[in-house]
Amino acid sequence: MLRTNQAFLRYFEELYQKQEGREEVILKSFSRDKSLLIQDQSLLKVMLIKEGIAKCYLTEENGKEYIMEFLGDGEILGEVELIKNISCLCSVKAVSEVTVYEISVSYFKSLLKNDLALNHLLLDSFAERMINTSSRASYQQLYTIEHTVMQLLNMQTQQGIQISKEDMAAYLGITVRSLNRILKDLK
């Protein structure tokens, strides 16, 4: 439910610490509900979440949102768009206060060409995403929505955050009305 990547976080912390006066990696904060990336817009920076939780979502042609993942510490944003030289595939918005390491596109491209450690971390991240996507698909086939709602409620409590009913429904791929029925039945 909440994706994190501690190895990537350590890598970016090291990059940040050893800059020696340069500002190629900076810290930036986003308050709750602020956008980090916007679907279909140009990528301005690559980011890595240092602290906090964000939601990664698609907005469909009918205006409905579908939340793909909740992202936490160490999750990278914008790397796929940079590698493929495309606009942002989806939007990313802060669910809580979020602090990110922000890196320029040109510096990230330079690291891609010269830093084998970064390339290994990216490959590992891509493989993890593929595993998570297939696991989520099979999970949705094997377990009821009620079970997933309970997990969302538990994650909310553990992380000390409030996920709106709209976001829960968007993550589950159901309407708020259906979610309300499920929540009523769970009480």
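**A first walk through the model**

Okay, let's start with burial: of the 187 residues in the protein chain, 42% are buried, where buried means under 20% relative accessible area, exposed means over 50%, and partly exposed is in between, using a 1.4 Å probe and protein chains only. Before I go on, this is a predicted model, so local features need pLDDT of at least 70 and side-chain atom pairs count only at pLDDT 80 or more, while totals for chains, interfaces and linings use all residues. Residues are numbered from 1 along each chain as its sequence is written, and side-chain values use heavy atoms, with hydrogens and water left out.

Now the overall picture. The protein chain has 7 helices and 9 strands; these are DSSP runs numbered from the N terminus, with helices (H or I) of at least four residues and strands (E) of at least two. The C-alpha trace spans about 55 × 30 × 30 Å along its principal axes. How does the radius of gyration fit a compact globule? For 187 residues such a globule would come out near 16 Å, and the protein chain has 17 Å, which agrees. That radius is taken over C-alpha atoms, and the globule rule is 2.2 Å times the number of residues to the power 0.38.

Two packed helices are described by the angle between their axes and the distance between the axes. The axes here are lines fitted to C-alpha atoms, for helices over the stretch in contact, and angles run from 0 to 180 degrees between N-to-C directions.

Take helix H6, residues 165-172, and helix H7, residues 176-186: their axes come within 9 Å and cross at roughly 100°. That makes H6 roughly perpendicular to H7; angles of 65 to 115 degrees count as roughly perpendicular, under 35 as roughly parallel, over 145 as roughly antiparallel, and the rest as oblique. Who makes the contact? From H6 we have Lys165, Glu166, Met168, Ala169 and Leu172, and from H7 Val176, Leu179, Asn180 and Leu183. They divide into 6 nonpolar, 1 polar and 2 charged.

H6 is mostly covered, with 6 of its 8 residues buried: Asp167, Met168, Ala169, Ala170, Tyr171 and Leu172. Just after H6, glycine 173 takes a positive phi of about 75°.

H7 has another partner. Its axis and that of helix H5, residues 145-159, come within 10 Å and cross at roughly 80°, which makes H5 roughly perpendicular to H7. On the H5 side the contact uses Ile145, Glu146, Val149, Met150 and Leu153, and on the H7 side Leu179, Ile182, Leu183 and Leu186. This contact divides into 8 nonpolar, no polar and 1 charged.

Next, a few single residues. Lysine 55 sits in strand E5, residues 54-59. Is lysine 55 buried or exposed? Buried, with a relative accessible area of 6%. Leaving out residues up to four places away in sequence, lysine 55 touches Glu65, Ile67, Glu69, Phe70, Ser91, Val92, Lys93, Val95 and Asp167.

Now the loop between strand E3 (35-37) and strand E4 (45-51), where we find glutamine 39. Glutamine 39 counts as buried at 17% relative accessibility. Its contacts, beyond neighbours within four places, include Tyr57, Leu58 and Cys88. Aspartate 40 is in that loop too, but counts as exposed at 60% relative accessibility. Aspartate 40 also has a positive phi of about 70°, although it is not a glycine.

Last one: tyrosine 107, in helix H3, residues 105-114. Tyrosine 107 counts as buried at 16% relative accessibility, and touches Leu15, Glu24 and Val25, not counting residues up to four places away in sequence.

Note on methods: Contact = heavy atoms within 4.5 Å. Nonpolar A, V, L, I, M, F, W, Y, C, P; charged D, E, K, R; others polar.
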